[in-house]
Amino acid sequence: MKKIGIIGCGAIGSQLARVIQQEFKGKAQLFALCDLDKEKAKRLSDKLSPPVSVCSIPELIQKSDLIIEAASAQIAAEVTESCLEEEKDVMIMSSGGLIGREEILELAEQRKSHLYIPSGALAGLDAAKAAGLGKIFSAVLITRKPPQGLQGAPYILKNRIDLSNIKEETIIFEGDVEKAKDAFPRNINVAASFKLALNCQKISVKIITSPQFKTNSHQIILKGEFGELTARSENIPSPDNPKTSYLAILSAAATLKNILGYVRVGT
Ligand SMILES: NC(=O)c1ccc[n+]([C@@H]2O[C@H](COP(=O)([O-])OP(=O)(O)OC[C@H]3O[C@@H](n4cnc5c(N)ncnc54)[C@H](O)[C@@H]3O)[C@@H](O)[C@H]2O)c1
């Protein structure tokens, strides 16, 4: 029985807690919860059956066999490092936090512990992963979001872009993943996961907005030795956090199913 600990009790963490208790009975036990807001973790624990202990990050890592980070890009690298150093498996949702810290992927090999990065809100990572084993000629990620989804981003503030003035489809940003990380830190997970799946090859990121957009959409366009691939998801926001796509939660649950099950379909 795998003991699981969850760091971050927001939209993703709280849904996963329920999934673990309801769908993976007998295979996994939700053992510990942690959140910067301790009361939030306690409230989640009270809603679970049985309730789960609330503790600090180091304690949670000690107690668990598999740690799920669903908190913030700011702690993703540090949590990954601590888990792998302790030879614990870790699933990272805030994959943007691993950009610039790619050496951590080698630590997983050294410690013979698993680092899982779910596809999240992105479609086509299965084929991209396979294609990345061959030569890639070009890789493009196009994110389309309604203007309110980009509000407050450092790039928007720095360039004094008035999002309320945008009336038609407009390209807001073009650059590589590293530039996108600084410009749109809250929108970077998808680009980061794409880059990590492609063995860190160069990726062009384009962010487009329009008041006509009703969903958060991510499209990848890949050209390489394998041929060409285009995949696009049109994501409905999760009810608990409009910035998080519901597909990201389902993707984390599907990754857990892969980890805990004996049959794995897809790359
Ligand atoms: N990979 C993807 O495609 C994808 C998709 C959506 C969200 N995400 C990322 O997953 C993470 C969780 O998303 P969410 O929608 O559940 O967010 P959320 O805001 O609903 O919940 C995050 C929770 O983590 C807690 N938290 C923040 N910093 C913390 C810290 N240092 N230590 C402990 N707890 C902390 C917050 O208090 C909050 O309760 C975010 O970083 C988000 O960017 C990734």
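At 1.5 Å a residue, the 13 residues of H4 should span 18 Å, and the end C-alpha atoms of H4 are 19 Å apart, which agrees. The expected span is 1.5 Å times one less than the number of residues in the helix. Residues are numbered from 1 along each chain as its sequence is written. The model is predicted: local features need pLDDT of at least 70 and side-chain atom pairs count only at pLDDT 80 or more, while totals for chains, interfaces and linings use all residues.

In H4, the buried residues are Ala73, Ala76, Ala77, Val79, Thr80, Cys83 and Leu84. A residue is buried if 20 or more other C-beta atoms, placed from the backbone, lie within 10 Å of its own, exposed if 12 or fewer do, and partly exposed in between. An α-helix has 3.6 residues a turn, so residues three or four places apart point the same way. The cover over the buried residues of H4 includes strand S1 (2–7), helix H3 (57–63), S4, S5, H5 and S6.

Of these neighbours, helix H5 (residues 104–111) has an axis that comes within 9 Å of that of H4 (residues 73–85), and the two cross at roughly 15°. Axes are lines fitted to C-alpha atoms, for helices over the stretch in contact, and angles run from 0 to 180 degrees between N-to-C directions. H4 and H5 are therefore roughly parallel to each other; angles under 35 degrees count as roughly parallel, over 145 as roughly antiparallel, 65 to 115 as roughly perpendicular and the rest as oblique. The crossing of H4 past H5 is left-handed, meaning that the near helix is turned anticlockwise from the far one by less than a right angle, whereas clockwise would be right-handed. H4 contributes Ala77, Thr80, Glu81, Leu84 and Glu85 to the contact, and H5 contributes Ile104, Leu107, Ala108 and Arg111. Two residues are in contact if their C-beta atoms, placed from the backbone, lie within 7 Å.

**The parallel sheet**

Six strands form an open sheet in the order S3-S2-S1-S4-S5-S6, with parallel pairing. S3 and S6 are its edge strands, each pairing on one side only. Two strands pair if DSSP finds at least two bridges between them. Strand S4 (residues 66–69) and S5 are joined in the parallel sense over 4 bridges. Leucine 66 has aspartate 89 as its bridge partner in S5, and glutamate 69 stands opposite isoleucine 92. From S5, Asp89 and Met91 point one way and Val90 and Ile92 the other way, and all are buried. H1 lies across S1, strand S2 (28–34) and S4, and runs at about 155° to S2.

**The mixed sheet**

A second open sheet holds 5 strands in the order S8-S9-S7-S10-S11, and its pairing is mixed. Strand S8 (170–176) and strand S11 (227–235) stand at the edges with a single partner strand each, so one side of each has no neighbour in the sheet. On average, neighbouring strands of this sheet are turned by 15° against each other, direction ignored. Helix H9 (residues 189–197) packs on the sheet, where it touches strand S7 (136–145), strand S9 (204–209) and S10, and its direction makes about 165° with that of S7. Strand S10 (residues 216–224) and S11 run antiparallel and are joined by 9 bridges; one of the pairs is glycine 224 with glycine 227.

**Helix H10**

Helix H10 (residues 246–260) has 15 residues and reaches 22 Å from its first C-alpha to its last, close to the 21 Å expected. Its buried residues include Leu247, Ala248, Ile249, Ser251, Ala252 and Leu256. Among the elements covering the buried residues of H10 are helix H1 (11–23), strand S5 (89–92) and S11.

**Backbone geometry in loops**

| Residue | Phi | Loop |
|---|---|---|
| Glutamate 87 | about 60° | between H4 and S5 |
| Lysine 112 | about 50° | between H5 and strand S6 (115–116) |

Glutamate 87 counts as exposed because it has 11 C-beta neighbours inside 10 Å. Lysine 112, with 8 such neighbours inside 10 Å, also counts as exposed. The peptide bond from serine 49 to proline 50 is cis, with omega near 0°. Proline 50 belongs to the loop between helix H2 (38–47) and strand S3 (53–54).
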